[in-house]
Structure formats: structure tokens, C-alpha cells
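Have the viewer open while you read.

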Amino acid sequence: MKPRKLTAGVHWVGAIDWDRRLFDELIPLPDGTSYNAYLVKGSVKTALIDTVDPTMASVLIYNLERLDVKNIDYIIANHAEQDHSGTLPQMLKLYPDAVVVATPKCKNLLMELLLIPENRIMTVEDGETLSLGNKSLEFIHAPWVHWPETMLTYLSEDKILFSCDLFGSHFATSDLYVTDEATVYEAAKRYYAEIMMPFKKVIQKNLEKIKDLQVDVIAPSHGPIYGKPEFILEAYKDWVYAQPKNIVVLPYISMHGSTKKMVEYFVDALIGRGITVKQFNLAKTDIGKLAMALVDAATIVIGSPTVLVGPHPNVIYAVYLANALRPKLKFASIIGSYGWGGRMVEQITGMLSNLKVELLEPVVIKGFPKEEDFRALDKLADRILYIHKEHNVVS
Ligand code: FEO
């Protein structure tokens, strides 16, 4: 795709990766992604804001050629992760006068990860500005969106906030700006869940930090640009600050049907009590969908058979993920079955240490569920409804 103009002197020069289906060899990308880089040409100096994933270096280089960019003075590295910084070494060869601009922590990471020579990097403090002539860049240190070294760059004359990973979406689209808000909301929420949610406390501080900035446009480094910043700012406020909702997330797996029967019964019991349920069969589910469901849920109930002495390995993966993502969950429980014994409950609860959840009495049974087991599931559903009401989760 060709360079695209945002405003006078500001162009998108990034790359759209329509075909990528996995990020960090971990995160599913059903809609591909983009690596947005931006060229800001002032009356005196020229800055490139971020680069692209090294697999797409040729696209960035071609875009700069098409804009006839002969000289770059500064390359702003908002973030050291390679999907934005990986083309820096090539850029520094192509533009021998260019200096990388980064936070002190980012400088260290760029030297370690990409072997960028120290004399090609200048560091900027929080709030420092850099003049390009008739345009100026302000640097806002914003740790943990997504790594500890991250910063945002604000172009004050045009009121554009270059937010790098923050507010991004893994969404390949030919739209430069958001046009279909519902679709982008879904992609941005998935992205928040998978990448930003573990840092929601520091995101609160970063949102505070930018709340008085006059921002007309948010230009992230993944996904389309926000011409109406309120759309994504309001979404983030909901994801970050709002109380969890009357939702039970139920990731489960079943080997011979006992746990599945319990799940089916239990889901009906919850629905009958007015609780929203999001059920995920871990043998089949897109793990990103599970992460998204965790953004708003008050309760997680994990369904597992017993394999040898512990939970099914797919359950271990899902529990590890939920624990790492640190959603707003308040309550957790476990349902499932065993043949002759095991330590499934202890092993699952031992993996939930990051979550400040209250454990509700698990229902783990021997073999196929019987009448008394269904009554125990009813009791657990009653307990969830009661505790959701008690914590004002039920609206
Ligand atoms: Fe898009 Fe944390 O890199």
C-alpha cells in the first residue's frame, strides 16, 4: 500500500500484514495486523515515528522512496519490541545521519536486542520536546504499554498522539481511519485483552497522564487510526475501570462426556438465574476469544476431567493464561470429574495466584454426574447469583 497522508507533512508509511495469523508465536491474529510507521516532515527536520516488523522492511523502504525521503534526522522508537523496532538497523544504514530517539530504558533494550550502537541513540526524558521546525514532538513516558520502556509521542501542532501499542488493534484493513466502529471495537478489545490487560493498573496512570492533552487523532502502531479518539478512549475506560459484569466465563474440556454433561447442566442453571455465560471448549476455542471474555467477567468456572492426577493440559494452559492476563475477576470455581482420585483442585487453585479471587466451593465428582451432583451444581449456581448480587455485579 502506498504512503497515505494524514495532514500536511504527516504520512502513514507502514505495512499491512494481511496474512499473519500468529503473534509472538502465541497470540492468534484472525484478522492479520499492521505495523504503522509515520513520517513527520517539519520545516527544518524530518522524523520517522517507529518502523515496521523486519519481515516487512521492504514495504517501509519503498514507501519512503515514493515520498522521495532523502534524509531522516530522527527515528522515534516508542517501543523496543521488534514489530516496531526491527527495521531500525536497516533504517540506520539507509539514513546514516538519523539518530534514534528513545527513553533511557528503550535505549538499553535497543542496544541489547538489536545491537544498535550507543552513539546512534539519544534519550529523552518524560515531557521533553523535540523541534522539527514548524512541528514539534513531545515525548510522554508511558511504561508498560506494552513493555517497561514504552513512550507515546504527541505532535502538538496537529494534535496527533502516536500511541504505539496502546489503543492498537491487530486488524489488517485498507481503511486508514476507523470506519466500522463495531468491527474495530472487537479487534481492539481482543488486543487489549491479550496484550494490555495485565497492565491495567499502570494503564490507568497513563490514561490520567494524557487526559488533558488535546487529541484530535490517535495514531497507534497497529490497526486503523482513530479520527474520533473518544471511541477508543471510552472503550479503554470501560475495560480498565468499570466493575466486572454479571458474567461467568466457563472454559472446559471433557474427555469422555462426564465434565461436558456437568457443563451443560451448569450453564442452563446459570442462564436460568439470569447470569450471562461464555462457554469455551478448550479443545477447539480461539484462545483470544477466551481472553476477550475475561475482560468483563466477574467469575470464572473451570471445567476439567482428571488426567493422571491433575487437570487436562489444555485446562492448565487456559488457567495459566487467565492468571497471566490478570482480568478483573472476583470469583472462581472448578467443576469436573475423576475416575479414581487426583489433585486437580489443588493444582488449578495453585495456578491462580495473580488473581484476587474468592474460591467458591468446587464441584468435582467421581464418574458421570448423578442426581446429587446436579444438586451440587444448582447450589454453586445459587452461590454465584447470591455473591454477584452481594457485590453489585447484577445490574
Ligand atoms: Fe506491537 Fe509490543 O509490540
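At what angle do helix H5 (residues 181-196) and helix H7 (residues 229-241) pack, and how far apart are their axes? This is a predicted model, and in it the two helices pack at about 45 degrees, with axes 11 Å apart. H5 passes H7 in a right-handed crossing.

Who does the touching? On the H5 side the contact uses Glu181, Val184, Tyr185, Ala188, Lys189, Tyr191, Tyr192 and Met196. H7 answers with Phe231, Ile232, Ala235, Tyr236, Asp238, Trp239 and Val240. Sorted by class, that contact of H5 with H7 holds 12 nonpolar and three charged residues, with no polar ones.

H5 also packs against helix H9 (residues 287-294), where the axes come within 8 Å and cross at roughly 85 degrees. H5 and H9 are therefore roughly perpendicular to each other. From H5, the residues involved are Glu186, Lys189, Arg190, Ala193 and Glu194. They meet Gly288, Lys289, Ala291 and Met292 of H9. The class count for H5 with H9 is three nonpolar, one polar and five charged residues. Lys189 turns up in the contact with H7 and again in the one with H9.

Here are the two pairs in table form.

| Helix pair | Axis angle | Axis distance |
|---|---|---|
| H5 and H7 | about 45 degrees | 11 Å |
| H5 and H9 | roughly 85 degrees | within 8 Å |

By class, the lining of the largest cavity has seven nonpolar, four polar and two charged residues.

Finally, the backbone. Which value does phi of aspartate 68 take? It is near 60 degrees, a positive value in a residue other than glycine. Aspartate 68 sits in the loop between helix H1 (57-66) and strand E9 (74-76). Phenylalanine 167 is not a glycine either, yet its phi is positive at about 70 degrees. You'll find phenylalanine 167 in the loop between strand E15 (160-164) and H5.

Terms used
Residues are numbered from 1 along each chain as its sequence is written. This is a predicted model: local features need pLDDT of at least 70, side-chain atom pairs count only at pLDDT 80 or more; totals for chains, interfaces and linings use all residues. Side-chain values use heavy atoms; hydrogens and water are left out. Axes are lines fitted to C-alpha atoms, for helices over the stretch in contact, and angles run from 0 to 180 degrees between N-to-C directions. Helices (H or I, at least four residues) and strands (E, at least two) are DSSP runs, numbered from the N terminus. A crossing is left-handed if the near helix is turned anticlockwise from the far one by less than a right angle, and right-handed if clockwise. Contact means heavy atoms within 4.5 Å. Ala, Val, Leu, Ile, Met, Phe, Trp, Tyr, Cys and Pro count as nonpolar, Asp, Glu, Lys and Arg as charged, and the others, Gly among them, as polar. Angles under 35 degrees count as roughly parallel, over 145 as roughly antiparallel, 65 to 115 as roughly perpendicular and the rest as oblique.
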